[in-house]
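Dear colleague,

Please find below the structure that I am handing over to you. My notes on what was found in it follow directly after.

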Amino acid sequence: MSDQSAAADVDVDLRQLFASLARNWLRILVITILVTGLAFAFAWLATPHYKATTQLKIQLSESAYTRPAGTNEDDKPVLDAEGVATEVQVISSSDILNKVAGNLHLGDKPEFNDALGMSPVARLLVIAGLKSDPAEIPLEERVLTKMRDKLNVYGVEKTRAIAVEFSSEDRQLAADIPNAIAKAYMAYQADAKTTSNAAATAFLGPEIEELQKQVRDAEAKVAAFRSAQSDLLMAGNNSVLATQQLSELSSELSRVRASRASAEATAERVRQALQNGGSLDAVPEVLSSDLIQRLRERQIELRTNIADLSTTLLDNHPRLRAMRSQLADLDGQIRNEAQKIMRGLLTQAQTAQARENQLVSDVNKLKAASSRAGEEQVQLDALQREANVRRQQLESYMASFREVSSRKNYLPVDASVFSEARVPSEPYFPKLVPIVGAAFVGSLVLMSVITLLQELFSGRAMRPAPGARFERIEQVAMPAMSAPVGDPEPAPEVVEVDDQPTTMESELAPKPEPAPAVQEDAAIAGSEPQAEPEPVRSSLGEIDVEKAAEKLIASGAARAIFVSPEGDEAAASAVLVAREVSDAGLRVLLLDLTASGAASRPMLDSGLFPGITNLLASEAQFSDVIHADLYSDCHVVPVGTADPVRAMRAADRLPIIMQSLTTAYDLVIVECGPADAQGISRLVGDSTEVFMSMLQADDEVAQAAVELIESGYPDLTLVTPIGHETPGNPVPGRRSAA
C-alpha cells in the first residue's frame, strides 16, 4: 500500500479523545485547585516590591545668549538612537551607582547587603559549603550587584527620553534611588564639562604665548628678507621690477624685429623691381615719396604733350625729340630716387638689426636677474605663508580661549529631569488576582492537554478509518496442511472467532464431541472414492494475521513478542504481521531470536548478514545490524554471524537494546521461537503484546499456551499464518529453535 493510503487506515476518534476529559475530570480539577492554592499562598506570603520611575530628557540646553560666537541653532548636534543608548550606559555605569549607594548608605540595608540578616537556613548552607559566604565578597560589589538586579535604564522608543526604573521592598527607596541616579548623572555631566573647560584653558594659555612669539619671529624674517637679504624691488603693479622690465624689453624686441623684417622685405622688392626693369608703382614705399610723385606728374604731363604734338608734327620734329629726351631723363630720375629709397630701407633694416642685438643682450641680462628674483620671491612667499598660518592659528586659539574663559561660571548640562519618581502607593509585585487567575487557567489548560496527549498516545483514541483494510503481502511460503494418515479422528467443531480474541480459558476448554449422525455422514463421505473430504482444521480461538495487525495498531503497542512452540514453520506469523503493520504506515522492526534464523532468512534471502549476536558480542553497531526487508518497508535484525556462546554472555544487554529500538521504531516485533515465559521476560516492557504462533491446534500448542498464561501472561493471543501461503522461498523443516 502507498504511504497515503496507509496513513488513512487509522483515524483519531475525537469523541473518544475528548471523552477522556470527562473521565479524568476529578484529577484535572484536584491538580488545578492545588496549583491555584499554591499560587495564592505564594502571592499572599511574598514580600511586596515597589517600583518608581524617573524620566530624563536628553537635549542641548544652550541659550541664544550663551551660544559660542559664529554658531546658530542649526549647528547644534542632533542626538540619534546611538547617542541615547550611550547615555543609557553612562547612567547605569558603576561610578554613578556607587556614588548613589554611598550617598544613601545602601550598604547598611539588608535588602542590598546579603551578609546582614542571614536566615539560619542560609547560615547552615554556608557552613556546609553548599552556598558561598556573602561576607567574602566586597561590600561595594554586593551592593552594586543588587542595584543592577533592581535597576532598569532604557530609552523610550522614538524619543530622546531616558527612563530610570528601580524596584525595592521599601517604597521610599524605590522613589529616592532613581531620583538620586538622575541627579548624579547630571552632576557627572557638569563635572565632565568643568574638567573639559579647565583642561582647555590650561592647554590654550601656554599655546597662545608660544604662538605669539612664533608670529613675531615669522614676520621679522619676512621684513628682513625683503629689505636686506634680497633685491626684490616691487613695481607699480605689485610685481618684481626685474620681471616688469623683462616684460617691457620683450615687447620692444618683438616690435624691432617686426620693423627690421618689414624694411628688409620692402628693400628686397624695390631691388627686384629695379633689376628686372619692372614698374615701381607696385611698391608702396616708392609711391609714398613726394619727389617721385612730382616726377610722375611731370612724366604724365610730357607724355600728354607728346601725344598732342604727334597729331600735328612728325616724329623727327625737334620739338618731339626734345620732349622725348625730357621723358627719358624723368625715368632715370625716378629710378635714381627708387635706388635712394632702397638704400634708405637697407640702412633702416641695419639700424633695426643693431637695435635688436642690443635688446637681445639686455633681455638675457634681465632673464638672469628675473630668475634670481623668482627664487627670492619663492622664499619670501614661504616666509609670508608661515607667518600667516601662525597668525591665523593664534587668532583661533585666542578666540577659543576667550570663549572658554567666558563659560567658567555657566556650563549648561545636556539633560534635564522632566518627571521625578514619586513614592508608589501600591506594590507592582505580587498581583494577587492576576497570579491566581493565571495559575488556575494555566494549570487547567496544561492538565487538559496532558490528558488529551495521554489518550492520544495510548492508542485508545485511535480507530480504523471507514472502509480501511489491510492488503495481504504473501512473500513467505507456508506449509500446506495435509490430511492425517490412517483413520481420521473426528475433528472438533470449528469455533467462530470474533474480531477480538477470546480468553484463553474458554479457548482451551474441552470441546463437545460431534453427534453420531455427523460421524456416520463423515464415514460415508470418506468411503466414496470420487469426493475426498477436506481436512477440518481444529481451532483454539486463534486469529489470522490481519486481525493480529489490526490489534497491534489499535492498541498502540510498542512491542510484540511472538512465541512459536511448533518451531520454525510457525515463525512466519511474525514476518507476516510485521509486513502488514509496516504497510499500514508504521515504522516496524522485526528482531529474529531464533537459533536458525527462520524469521529473517525469508526477508533477506540469506543468513550471512550481521545481526543481534554481532551486536551483543560488540562486533557491530546498530547501523550495521539493521537491514531492509526485500518485500516491504519493514526493517530486520537477523540472528547474525557471531559466536552464539559469546553473544549470550552479554544477554543482560537485551533490555537496553530493546529500549533503544522501541525509541526509534513505532513497533518492535520479536520472534523468540519455542521460548518459555522465563525466556521472554527480558523482552517484555511497557505496551507489550504477547502472541503465540500456531499451525494446528494440538496438545503441544495448548500446553505451551497454558504455561504462558499461568506464568503471568493472561492476555496471550494465538495467531496463525494459515491462508497466506505463497510459492517459492520454502520454509525450513520443522525443528526447534533454542
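Within what distance do the axes of helix 3 and helix 13 come, and at what angle do they cross? The axes of helix 3 (residues 25–45) and helix 13 (residues 432–457) come within 8 Å and cross at roughly 155°. Axes here are lines fitted to C-alpha atoms, for helices over the stretch in contact, with angles running from 0 to 180 degrees between N-to-C directions.

Before I continue, please note the basis of these values. This is a predicted model, in which local features need pLDDT of at least 70 and side-chain atom pairs count only at pLDDT 80 or more, while totals for chains, interfaces and linings use all residues. Residues are numbered from 1 along each chain as its sequence is written, and side-chain values use heavy atoms, with hydrogens and water left out.

Overall composition

The secondary structure of the protein comes to 23 helices and 13 strands. Helices (H or I, at least four residues) and strands (E, at least two) are DSSP runs, numbered from the N terminus. Of the 738 residues, 36% count as buried; buried means under 20% relative accessible area, exposed over 50%, and partly exposed in between (1.4 Å probe, protein chains only). Among contacts (heavy atoms within 4.5 Å) between residues at least 6 apart in sequence, 82% join residues at least 24 apart.

Helix 3 and helix 13

Helix 3 and helix 13 are roughly antiparallel to each other, because angles over 145 degrees count as such, those under 35 as roughly parallel, 65 to 115 as roughly perpendicular and the rest as oblique. On the helix 3 side, the residues that meet helix 13 include Ile 28, Val 35, Phe 40 and Trp 44. Their counterparts in helix 13 include Leu 432, Phe 440, Met 447 and Gln 454. Thr 36 belongs to helix 3 and counts as buried, at 14% relative accessibility. Leaving aside residues up to four places away in sequence, Thr 36 touches Val 436, Ala 439, Phe 440 and Ser 443. In the loop between strand 5 (415–419) and helix 13 lies Pro 430, which a cis peptide bond joins to Phe 429, with omega about 0°.

Strand 4 and its partners

Eight of the eight residues of strand 4 are buried, so this strand is largely enclosed by the rest of the structure. Ala 161, Ala 163, Glu 165 and Ser 167 point one way from strand 4, and Ile 162, Val 164, Phe 166 and Ser 168 point the other way. Strand 2 (residues 50–58) runs antiparallel to strand 4 and is joined to it by eight bridges; two strands pair if DSSP finds at least two bridges between them. In this pairing, Thr 54 stands opposite Val 164. Strand 3 (residues 151–155) also pairs with strand 4 in the antiparallel sense, over five bridges, and the partner of Leu 151 is Phe 166. Strand 3 and strand 4 form a hairpin with five residues between them, and Lys 158 in the turn has a positive phi of about 60°.

Ile 162, found in strand 4 (residues 161–168), has 0% relative accessibility and so counts as buried.

Seven strands form an open sheet in the order 9-10-8-11-7-12-13, with mixed pairing. Its edge strands are strand 9 (627–628) and strand 13 (717–719), each of which pairs on one side only. Strand 7 (residues 559–563) and strand 11 (residues 667–671) run parallel and are joined by four bridges; Phe 562 has Glu 671 of strand 11 as its bridge partner. Helix 16 (residues 545–555) packs on the sheet, touching strand 7, strand 11, strand 12 (688–693) and strand 13, and its direction makes about 170° with that of strand 12. Helix 22 (residues 654–664) also packs on the sheet, where it touches strand 7, strand 8 (588–592) and strand 11.

Two serines in loops

Ser 618, in the loop between helix 19 (612–616) and helix 20 (622–625), has a positive phi of about 60° although it is not a glycine. Ser 618 is exposed, with a relative accessible area of 57%. Ser 687, in the loop between strand 11 and strand 12, has a positive phi of about 55° and is partly exposed, at 45%.

With kind regards
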